[in-house]
Amino acid sequence: MWQLQGEPTVLITLAHIFNHFAPLMCKVYLVEDVLMNFLLSILEQGGAVEAHPLIQQLLDLMWLLMEDYEVHECLKQLLMSLLRAYRFSPIIPDLGLQIHYLRLTIAVLKHEKSRKYLLNNVLFDLLRSVVFFYIKSPLRVEEAGLQELIPTTWWPNRFTKEGKESKEVKEESAEERLRRRAYDRGCQRLKKRIEVVEELQVQILKLLLNNKDRGGGEASRYIFLNKFRKFLQENASNRGNLTVLCPPEYMVCFLHRLISTLRCYWDGHKAKAPAALNSEEAYVPPQLFYNGKVDYFDLQRLGGLLSHLKKTLKDDLALKANILIDPAELQAVTMDDLDEDEESATSTAQRPVAALAIGGALARPSWLSSPTLGRANRFLSTAAVSLMNPRRSLGTLEKMKARTLSVEQRTEDDRAAGEPGCVRALVMAALVTAALVLAQAVWAGEVSPEAVEGSHGNEGLLLGRPPEEPEQSITENSLLEILDGIVMMYNLSVHQQLGKMVGVSDDVNEYALALKDTEEKISRCPKRRRDIYEELVKSQKVFSEKLNHLSRRLAWINVTIYSKEKMQDIYWLLRVCIRTIEHGDRTGSLFAFMPEFYLSVAMNSYSALKNYFSPVHSMEELPGYEETLTRLAAILAKHFADSRIVGTDIRDSLMQALASYVCYPHSLRAVERIPEEQRISMMRNLLAPYEQRPWAQTNWILVRLWRGCGFGYRYTRLPHLLKTKPEDANLPSLQKPCPSTLLQRHMADLLCSDCDMAPSFLNSVLNQLNWAFSEFIGMIQEIQQAAERLERNFVDSRQLKVCATCFDLSVSLLRVLEMTVTLAPEIFLDWSRPSSELLLRRLAQLLNQVLNRVTAERNLFDRVVNLRLPGLESVDHYPILVAVTGILVRLLMDTDFQGAKRATAVLLADPCFQLCSIQYLLGHAEPSALAATPPSADKRHFSLHTYTDYISQEELAKVERMLGHLSEESKQAAASMLVSPCLVCTQPRNQQSCGEGRGRVPFLWWSGGTRHASSDGDLGGFSLGSRGAGFAQAAWLGHTLHSPASCVPSALLNATCTHFSMPGSWNHWELATQGGGVAALLHSGHVGVRAGWENSPGQRLVWPNLGCEVRLGVPR
């Protein structure tokens, strides 16, 4: 060895020295204080690690002259001391301490035998080796010397008080430009120092991933693969056990270093094998997901559980991938074994050699084609059967894929399992014989040593190649498995950590706004108020100091987490996932075997690039940005309704990702660039009926495609919320409107061409609108009752949130109806279609019900809106009334004469129609309402005229014409009703009592005449109301019942009683009174008036012999 050949005296002397020092070198305090400092002193002389061979020679002597257990203990304590020193040493300006400890770690790991022992027993088993790849953030700016590195601080001032980027691009002053440039130079100095540490960490990983070890046994890379897979399993399966989990901040750094190392080895293999792919084209082939060679633990697949997929897709596996599933294997799967991919190999040995199986099957690679190597294959198969059968039960952390390990290690595992000695001997003999036969084949030149990669544990990794997959070599199999692990690692915790660190940038923006506001106040402060001026100056000083600290801390975070290089790593990972999904999609039904996290990482990595790395670095600067957006858009558009994907969570995630995608102009343009066939298919899936599926996100997507085209629908935030700051200005819902006329055209074509699609879609929308608005009204009634109680009470915040959600859903559903009426009005107005008239009548009924509830003065909705309860900020008159107005304008003004005539007739024929609701839109209050209440200076009536920034003059003119049109038509309808006979008694309508009726109901005196209303065959609802002199009317079951004014209870005079019911609900309704509080009961023609219900809202009464429940005295 080295220079000691022929010097036995020196070796004997060293043996005596180590004989005395070996026991001491196992003591942790001596290792940390003496040995580690001695090794560090060797490296202090400078130069590369290779320039100091003394450490390698010392490790050789330790392995030569010390007992194995002593070397093991010494190396373990040395690595643990290095890890503690690296982790807890202070951050100094040049990061010298961290660099020193990493250099010694590299020197130790360069020793092959020591590296293999540490990989097998220490790095992943006894300590968190991931710590070596973490660059911790300084707790204090002074600790890291950031004040010296970045003496000048700077922060952007591009945000407004609402948190949005300012529209006005102010020219940067000379002073601010100098500050920004000095700050950038300081950040670059810090970046260079950080890069030195990162390069050392990459060197450590390159040593751990070395597969060209000169010594015997398994290469370091395959030991690392085993440990890395176990590391992923622990973090995937024990998410609640904090003692086992790797901290997410460590995981982020580990991910970036591993990507750098992987791409280096990948491109190195490309240089040796030109036919392989380079790292820019990397992807994971689909056969890894179903051939059982890679263990995915209990992680969910796109198609469900693995055992279920094996049963349902076994024919496709046999046909497309030449993989046969033994029925005995399917029957042996139990609930406790669902997370294992490997199956018993007993039945595999009994099948033909050409048959391939998932799990423990040893496939026949291409290089095992000669008779000589065929004998080796049989010996290896026999050995595998002996090892895996009988199968021993594994613990939670042991359920790992059994690799083809060395004989020594495999025998130790078998001994731990308690197998008989004869079986171990048989296994040993089989493996030794196979090795001899294989060596004979290599010696004879039948196969090259490099081809036998299966001996390192990756045999058959790519078996089961589907016909859609090219035969081209991708890269080394081991690198594919590492790439798969990187994708899984990002999904575990990296994405959450990236989002968490954005908070520092948000803090900088908030303090910058506060400082700017304080400086403005100082400039406006009167000179005579010295007290105020001094307090403002103190606040200014506090904000400035905090901003100086945060700007330096932000520089550290931007360099270590959000740098351009880190952004390129995440972008590369996004492209890997996109290519993997595209290749998997081509396999047809086998796509269901893909783990869910590939789709999750594709969506989350794009979200991180868009939301977390900007504005430091723009995603548009990345190469192939437009193409990547388009390919991701095609994936989202195709798979959000893919029947092969069954998981509820992943389907919801896809739907939310698509909804977010269409909110931004650049990503929406990407959706428009996908092939036309895919666009039409996406719109067809969006227009599927809403029943039996989650529909809120689907409706939201349609709304975003329409936003910017609807009536008064060009706002980003609601007008009454502009003075409040949003919680997160980057939310998709707060983006500027960007409608897509191309996708709108596809929607119109589909609805007009498919006679079955339009009725089913619109009926489902109308049903959901009826449900959402009914739930909203019911909840605000409960909120109003709670608010008016005299005793102290609280409204549940969750109830307020649900109430606001129902209101938002109602508005969005109305906007979808407006979109449909605008793009395809013939669906409602062309009565040659079988369902058009019914759809128009349903639409008119719902619009009138909404208007009656929202437009009445001092009613329930008006009072709840005026309360301005926290949680109900979005509930206001404007969003829902402009949506209804848009539908009415499209039906009555923006269509041909015949269509407007039909729409007007249906609207006026609805018993719930009230002209005053239309007058309310333009601020025309009811005369009776104005007489009943004294005018208030604080009370402002709603009017579309006050929203000139949101509604154009052309739109206002259409509303004025619509009001005039409906006023004229309603007068003509009232005049025609005076000469029409009563539906019950067939006499002219007057104030005489109807003898045919079963009860007596007051009628409505309207415009000097008698008006009888009828529901025109609508058996589900009736209305009860009063005007002026106090005469009321009721219509139910198509009959009109009337009585003289003497039958009207005095308590109902000048009161308004209305009714709202869900279609089909015949046995429950609510009557509301104002004023005296006396209500009437009406059911099946019976009328009764009960007194004594004054000021007792919410009481219930069961009417005799009717079996229905009536709630009395509920205020509007």
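In helix H2, Phe38, Leu39, Ile42 and Leu43 meet Leu54, Ile55 and Leu58 of helix H3, where contact means heavy atoms within 4.5 Å. By class, this contact of H2 with H3 has 7 nonpolar, no polar and no charged residues, with Ala, Val, Leu, Ile, Met, Phe, Trp, Tyr, Cys and Pro counted as nonpolar, Asp, Glu, Lys and Arg as charged, and the others, Gly among them, as polar. H2 spans residues 28-43 and H3 residues 54-65, and the two pack at an angle of about 145 degrees with their axes 10 Å apart; axes are lines fitted to C-alpha atoms, for helices over the stretch in contact, and angles run from 0 to 180 degrees between N-to-C directions. Helices (H or I, at least four residues) are DSSP runs numbered from the N terminus.

This is a predicted model, in which local features need pLDDT of at least 70 and side-chain atom pairs count only at pLDDT 80 or more, while totals for chains, interfaces and linings use all residues. Residues are numbered from 1 along each chain as its sequence is written, and side-chain values use heavy atoms, with hydrogens and water left out.

Leaving aside neighbours within four places in sequence, Phe776 is in contact with Cys803, Cys806, Phe807, Phe861 and Val875.

The structure also holds 30 salt bridges, each a side-chain nitrogen of Lys or Arg within 4 Å of a carboxyl oxygen of Asp or Glu. Three of them are listed here.

| Pair | N to O distance |
|---|---|
| Glu582 and Arg631 | 2.7 Å |
| Arg714 and Glu955 | 2.9 Å |
| Lys958 and Asp894 | 3.2 Å |

Arg714 lies in the loop between helix H27 (696-706) and helix H28 (741-753) and Glu955 in helix H38 (residues 953-978), so their pair ties together parts that are 241 residues apart in sequence. Glu955 is buried, with a relative accessible area of 11%, whereas Arg714 is partly exposed at 38%; buried means under 20% relative accessible area, exposed over 50%, and partly exposed in between (1.4 Å probe, protein chains only).
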